[in-house]
Structures are given as C-alpha cells and as structure tokens.
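Have the viewer open while you read.

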Amino acid sequence: MDPKSLYLLEYPKILARLKSYAAFSASEALASSLRPTANLEKARALQQQTREARYLLTLSASLSFQGAEDLRPLVERAKHGETLEASELLALRNTLVISREARRILEAHAQEVPLLSDLGESLSEGLGLVDAINKSISERGEVLDSASEALGHIRSEMKVTHSRLMERM
C-alpha cells in the first residue's frame, strides 16, 4: 500500500495508538513495523492471532509483559565479551521470568489459542540463568557471597580478619 493511502486511512494514528499499548521497546518496535498485507492468507492468520490474543486476555489476567526489557543490546554486549552490570543482570532475570510465565500460560491454553501457543514455544524459560543470577545478585544489585566459592571464601576471611582487628582495638 502506498504512503499516501496509508496517510488517508490515518494509519500513523492507528500505529501510534497500538504502540501506546506496548509493554516494552521491542514490542513498540514491532508495532511500528506493521504494514498492511495484500496476501489474504497472511491477513487471515494475523487476524486470527489478534482474536486469540483478545480471547487469551479474557482467560488469563496474569498475562503481561509489563516490566520486560529489550534484551538485544545486553546480548550483543555480552557476545562481545563485555561485563554486564548487576542491574542489567537483574533486568535480564526479570525479563526471563516474565517470558517463562507467558510461555506457561500459552502452553496451558494451547487448545484455545493454537497460533499464539506456537509463537510461545520460542519464548525462553531461562532455566539455569535465572537461578545463577538469583544465586549471585541480590535484589538491591549487590554481588552475593554465593556468587562464587572463591568470593565466599575471601569475604569470610575478611570478616574474620575484621573481627580480630576489632578485638585488638
């Protein structure tokens, strides 16, 4: 569809309204990239996905991506060997937990929402990574003694040394 027709149909306003419902930047970017299709099968499939999503919202009020973050920048940095900050690891963990919950809801309602359930299979459960972050980083973003055996040992030694020093004073 040509840009003039989209403008006359107020498509930019429709997209703006849709983007206002986006829970995080990645979903907002997806909404921005939507364009009408001339392919009838694709249009019907997209309409069916929309019907399923609306129906799913009536079944499960707990389905939400609120609080999720776009992990692509973090993944790119990690791929290049950069160290992620504790707050970034917590954001990663929170997003993986949201993803896992969404996947479970979609699996539970696979009969009612088959197209969305198929999409949900690609959602990560974050198994292992969520546990590793929970073991290593506190909710306040502090590195825990349990992050590594060596760190736990060093901090334990520091506490003993500090205690002995305080006794001598």
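Predicted model: local features only at pLDDT ≥ 70, side-chain atom pairs only at ≥ 80, totals over all residues.

For residue classes, Ala, Val, Leu, Ile, Met, Phe, Trp, Tyr, Cys and Pro count as nonpolar, Asp, Glu, Lys and Arg as charged, and the others, Gly among them, as polar.

Residues are numbered from 1 along each chain as its sequence is written, and side-chain values use heavy atoms, leaving out hydrogens and water.

The largest pocket has a volume of about 2300 Å³. (On a 1 Å grid over the protein atoms alone, a pocket is an open set of points where a 1.4 Å probe fits, with protein on both sides within 12 Å along at least five of seven lines; lining residues have an atom within 4 Å of a point.) Of its 47 lining residues, Leu18, Ser27, Leu30, Ala53 and Leu116 sit closest to the centre. Two or more residues each come from α2, α3, α4 (40–59), α6 (86–108) and α7 (114–120), and α4 gives the most, with ten. Helices here are DSSP runs (H or I, at least four residues), numbered from the N terminus.

**Helix packing.** Axes are lines fitted to C-alpha atoms over the stretch in contact, and angles run from 0 to 180 degrees between N-to-C directions.

| Pair | Angle | Axis distance |
|---|---|---|
| α2 (11–19) and α3 (25–33) | about 165° | 9 Å |
| α6 and α8 (129–136) | about 140° | 10 Å |

The α6 angle therefore makes α6 oblique to α8, while α2 and α3 are roughly antiparallel (over 145 degrees is roughly antiparallel, under 35 roughly parallel, 65 to 115 roughly perpendicular, the rest oblique).

Leu15, Leu18 and Lys19 in α2 meet Glu28, Ala31 and Ser32 in α3, where contact means heavy atoms within 4.5 Å. That contact has three nonpolar, one polar and two charged residues.

Technical notes. Points joined across faces, edges and corners; volume = space filled by probe spheres on them.
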